[in-house]
Amino acid sequence: MSETPSPDSLLLRTARGAGWVMAWRLGMRVLGLVSTLVLVRLIQPADFGIIALATSFTQTIDGMLTLGTEEAVIREATPGSVFYDTAFTLNLLRGVSVTVLVAALAYPAAGFFADPRLGPVLLFVACLPLLDGCANIGAVDFRRDFAFHKEFAIMVLPKLCGIVAAMTAAALLHSYVAMLVGMGVNRGLRVVMSYVMHPYRPGLSLKAWRGLAGYSTWTWLLSLAILVRDRSDSLLIGRLMNTTFVGFYSVGAEIAALPTTELVEPLGRAAFSGFAVGRQEKADPGETLLRLMGSAALLTLPAGVGLSLVAAPLVALAFGPGWEPAVPVLRILSLSFTVMVFGHLSLHLLSAHALLGRLVGITLAGAAVRVALLLALIPHFGLAGAAIGVAVAVVLEQALTVGTALRRFRVGIGRVMRPVWRPVLAASVMAAALAGSGLGWSDDSGVVALMEAVAGGGAVYVLTLLASWTLAGRPAGAETDVLALLRRTVR
């Protein structure tokens, strides 16, 4: 069913795929920002709140029932039509389950939150997972074949149509109903495009359930473990401090995670396809992992360290006065999040080889450490303690994930250092230069200070990286991979 693999190297196919995923995420963010800027002038703030509450409620239940059927299809060497049909049927059953569960809880939730409008809104939002479950499973071939430009079209074009529909409805109704219209158009068109852009027509079958059950069960357990881990921060800060500090922490953590959400996660989505195809083509998984780590480190390390260095002026410029408590959170978490590029890629390698049981254990261990540190540090150190606790737990979890991947695929630590030592050195020199000049980790919140730090830090990083690469004899590695990709892109 899949197309013949391209003769390009696995790394270049993965890198191009990551570029399309990054473009998709950027497009979605830009469209979302445009939509928000227009809708805030047409709809009351309380209406935004009711939609946000309904979607958050639904997404929590939806996340608890994640199955990972698409990933199971991608990693299968030769999935036949029965395999695709079974994956489609499981997706449909999952969508029905989420829809029924959210609909059953709609009016009890409305009573709990003391807002009668929430019931009908939840009934509508509950239908969206059912729509998603009806999508053409054949479209997963776009990820199998690294045709991420088609996935880009399926995600971005319906989003654009949904925004137009929401704006039109908002101009006519001046109600939160307009946002529901936009959501419905977006999801509906996404399903339609999955059938228009791929010829496969799925049927109902559970004949291949044994081939999917093991992977999907572990994916579900992993999603639950991640849900517990990620929700512990806000819950404990809100319980031990108050909701105001939850807001400060959330802002700092969200900015600190930008290199992860905008660079590492798109790369990970494409890397999963690369690892799965590499497994089928008998490629060396360790070598592929190291090459991707080196290439990703070129961007993510300076981004993470740089966010920590300019935390104060960045928060002041982006959010204005009153958000100063978010600064230490950003400074601490952005440093720890830099290691996530290594753990995230290792996670996708282990997932592609169906080693999900180990990932569940690592995630639960990380969640336990995080909760223990939060309980111990928040009462004594407040938000800074919360950030330190999360940072330590993140580093521990990433180290365990990377260590598991290296042991499983027999990759020595010396091989890991070869592709990443130059980005690590360049980021360290950048941090030392900015800190020594007073531009880094400073409380100066001026725009000029931010611009000087960004320009100066970027120049120091690039010059140090190029100098160390040249002195090392320009070895094949991340730098040559990035240059080769840029040359292919320019052509």
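**Close-up 1. Ser 336 in helix H15 of the predicted model**. A residue is called buried when its relative accessible area is under 20%, exposed when it is over 50%, and partly exposed in between. In this predicted model, Ser 336 has a relative accessible area of 6% and is therefore buried. Ser 336 is placed in helix H15, which covers residues 326-337. Between the C-alpha atoms of Ser 336 and Val 454, which are 118 residues apart along the chain, the separation is 20 Å.

**Close-up 2. Helix H4 and its bend at Ala 106**. Helix H4 runs over residues 81-112, and its 32 residues, at 1.5 Å a residue, should span 46 Å, which agrees with the 45 Å between its end C-alpha atoms. At Ala 106 the helix H4 bends by about 45°, and a proline, Pro 108, follows within four residues of that position. Just after H4, the residue Ala 114 takes a positive phi of about 55°.

**Close-up 3. The aromatic pair of Tyr 84 and Tyr 200**. The structure holds five aromatic pairs, and one of them joins the rings of Tyr 84 and Tyr 200, whose centres are 5.5 Å apart and whose planes stand at 50°, so that the pair counts as tilted. This pair links distant parts of the chain, since Tyr 84 belongs to helix H4 whereas Tyr 200 sits in the loop between helix H9 (177-196) and helix H10 (209-240), 116 residues apart. Both Tyr 84 and Tyr 200 are buried.

**Close-up 4. The aromatic cluster around Phe 319 and Trp 323**. The rings of Phe 319 and Trp 323 have centres 5.6 Å apart and planes at 45°, and the pair is therefore tilted. Together with Phe 245 and Phe 248, Phe 319 and Trp 323 form one aromatic cluster. Phe 319, at 35% relative accessibility, counts as partly exposed, and Trp 323, at 27%, likewise counts as partly exposed.

**Close-up 5. A nonpolar surface patch that includes Leu 425**. Ile 413, Met 417, Trp 421, Leu 425 and Val 429 make a nonpolar surface patch of about 430 Å². Leu 425 lies in helix H18, which comprises residues 413-437, and its relative accessibility of 36% makes Leu 425 partly exposed. An α-helix has 3.6 residues a turn, so residues three or four places apart point the same way.

Notes. Residues numbered from 1 in each chain as written. Predicted model: local features only at pLDDT ≥ 70, side-chain atom pairs only at ≥ 80, totals over all residues. Heavy atoms only, no water. Patch = residues over 30% accessible without salt bridge, like charges linked within 9 Å, V, L, I, M, F, W, Y side chains within 5 Å. Areas by Shrake-Rupley, 256 points an atom, 1.4 Å probe, with all protein chains shown as cover. Salt bridge = Lys/Arg side-chain N within 4 Å of Asp/Glu carboxyl O. Helix = DSSP H or I, 4+ residues; strand = E, 2+ residues; numbered from the N terminus. Buried < 20%, exposed > 50% of the residue type's maximum accessible area, 1.4 Å probe, protein only. Expected span 1.5 Å × (residues − 1). Bend = angle between axes of the 7 residues up to and from the residue. Phe/Tyr/Trp six-rings, centres within 6.5 Å; stacked < 30°, edge-to-face > 60°.
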